[in-house]
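Colleague: I would like to learn how to read a model of this kind. Please take one feature at a time, the general idea before the case.

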Protein chains: 2
Amino acid sequence: MYTKAEKTTEFIIETVAPIFNKNGYAATSLSDITKATGLTKGAIYGNFKNKEELAVAAFTMTVKSMLRRITEHQSLSSSPIQKLFLISDFYRNYYNFSQELGGCPVLNMGVDAKHQNSALFNYVQYTINKIQNNLALLIDQGKELQEIKPNIDSQLYAKRLYTMIIGAIFMTHTMEDNSYLLQTMDQIDTMIQSELNL
Amino acid sequence: MYTKAEKTTEFIIETVAPIFNKNGYAATSLSDITKATGLTKGAIYGNFKNKEELAVAAFTMTVKSMLRRITEHQSLSSSPIQKLFLISDFYRNYYNFSQELGGCPVLNMGVDAKHQNSALFNYVQYTINKIQNNLALLIDQGKELQEIKPNIDSQLYAKRLYTMIIGAIFMTHTMEDNSYLLQTMDQIDTMIQSELNL
DNA sequence: AACATAATATACCAATTGGTATATTATTCG
DNA sequence: CGAATAATATACCAATTGGTATATTATGTT
């Protein structure tokens, strides 16, 4: 079982995460936090050292829950190239999913933390590398299983794919138009089919 | 000639624009503004109604100077398809250029203003539409001059191109790695060559 | 049930926030 | 040059900021 405090800590993080994600670090005040949680500053500062530590915890949680969902979705197939298609499939539903999180954490914190908070910004970079390495790994595994053309540069191709994905995420959220994500995923599927597929 | 006040107004906008662009609306305080300009609040509020009006003026200026540079660069050729190549060429140097502006205004304000300031956010959407329409127009003109395949959906293709461009801008700024922009522009050139070019 | 401790609330802090009314200084033009 | 006005500085405002010390309440253990 969890102690009272552990549950409170979790509750604070989950309540506050979409607020930080939406508004950014600086624009989220402690009164926003106390108002949303219904707790007082005493409770917040009893569970977190300061605002920054809470923001990092909230962002970490959001990213983890996002990565978990991608990983889950990939596990629907064991074939590397099919996993790539499942990733594009995942992002087809990303507008709805990320709205629940308060937006895409990678995009929002990448822009917001750049000149505000180096701890958060470093974690964004780390997360992007993780996502890209996962993509590159799938391509390499596809090559080994002779599903994917052997001459493909997996790191370069992974960068290319994630660049398109994050561009589509920005456009869909900013233009409030899901078609950017859908069309980009169509484009990515075509690329996988014609450029990667053996 | 310009009056003293007009020059001061311009001076404030130009000094403050990269600060708003870097930090976002909420994280830029009036003391940041007075410190950077060396002026007092009296001078600032003599030239602008409030912080929001100044932020909008600053963002507008930054966007206009960016759009002017793209337009200038396009004028190096009169051929629509060559203008498309010149656009990708422009974005090859965009990391340096946008760093002078304090980052890409479309990207930064698109993320920052979304939940903070609807005036700014609407202007971001308007700007993106403008850029996209320009791209679509070039494609249409290319079709008329029989430089570009007639069956291309110009609006869809313009969306596709700008999605990739803004994705590359985000990645280059966030990963602090210019290769994202360079590789995406290579990819775009290849697309123009193989998918658009007649 | 009583006690020790953990968790939360209260009340406060100095500093800063955006903004304004008024005083002072520059500028422009007759 | 001098007066009218435009532009900037000063001094202030209430509200809010992140944070803390202490008081109070809840929880778990014997």
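Modeller: Start with burial: a residue is buried if 20 or more other C-beta atoms, placed from the backbone, lie within 10 Å of its own, exposed if 12 or fewer, and partly exposed in between. This is a predicted model, in which local features need pLDDT of at least 70 and side-chain atom pairs count only at pLDDT 80 or more, while totals for chains, interfaces and linings use all residues. Residues are numbered from 1 along each chain as its sequence is written, and chains are lettered from A and ligands numbered from 1 in the order in which they are written.

Colleague: What percentage of chain A is buried?

Modeller: Of the 198 residues in chain A, 42% are buried. The C-alpha trace of chain A spans about 60 × 40 × 25 Å along its principal axes.

Colleague: How many helices and strands does chain A have?

Modeller: Helices (H or I, at least four residues) and strands (E, at least two) are DSSP runs, numbered from the N terminus. Chain A has ten helices and zero strands.

Colleague: Which residues of helix 6 of chain A are buried?

Modeller: An α-helix has 3.6 residues a turn, so residues three or four places apart point the same way. In helix 6 (residues 94-101) of chain A, the buried residues are Tyr94(A), Tyr95(A), Ser98(A) and Leu101(A). Seen down the helix axis, they fall within an arc of 115° (taken over directions from the axis to the C-beta atoms), so they line one face of helix 6. Asn96(A) and Glu100(A), on the other side of helix 6, are exposed. After helix 6 of chain A comes Gly102(A), with a positive phi near 90°.

Colleague: How many residues of chain A are in contact with chain B?

Modeller: Two residues are in contact if their C-beta atoms, placed from the backbone, lie within 7 Å. By that rule, 31 residues of chain A are in contact with 31 residues of chain B. Helix 9 of chain A supplies the largest share of chain A's side, twelve residues. Nonpolar means Ala, Val, Leu, Ile, Met, Phe, Trp, Tyr, Cys and Pro, charged means Asp, Glu, Lys and Arg, and the others, Gly among them, are polar. That side of chain A divides into 14 nonpolar, 13 polar and four charged residues. The same surface serves both copies, since 100% of the contact residues of chain A recur in chain B.

Colleague: At what angle do helix 9 of chain A and helix 10 of chain B cross?

Modeller: Axes are lines fitted to C-alpha atoms, for helices over the stretch in contact, and angles run from 0 to 180 degrees between N-to-C directions. The axes of helix 9 (residues 154-175) of chain A and helix 10 (residues 179-196) of chain B come within 10 Å and cross at roughly 85°. That makes the two helices roughly perpendicular (65 to 115 degrees). Leu156(A), Lys159(A), Arg160(A) and Thr163(A) meet Tyr180(B), Gln183(B), Thr184(B) and Gln187(B) in this contact.

Colleague: Why does Ala168(A) count as buried?

Modeller: Ala168(A), in helix 9 of chain A, counts as buried because it has 29 C-beta neighbours inside 10 Å. Leaving aside neighbours within four places in sequence, Ala168(A) is in contact with Tyr180(A), Leu181(A), Thr184(A) and Thr163(B).

Definitions and conventions
Angles under 35 degrees count as roughly parallel, over 145 as roughly antiparallel, 65 to 115 as roughly perpendicular and the rest as oblique.
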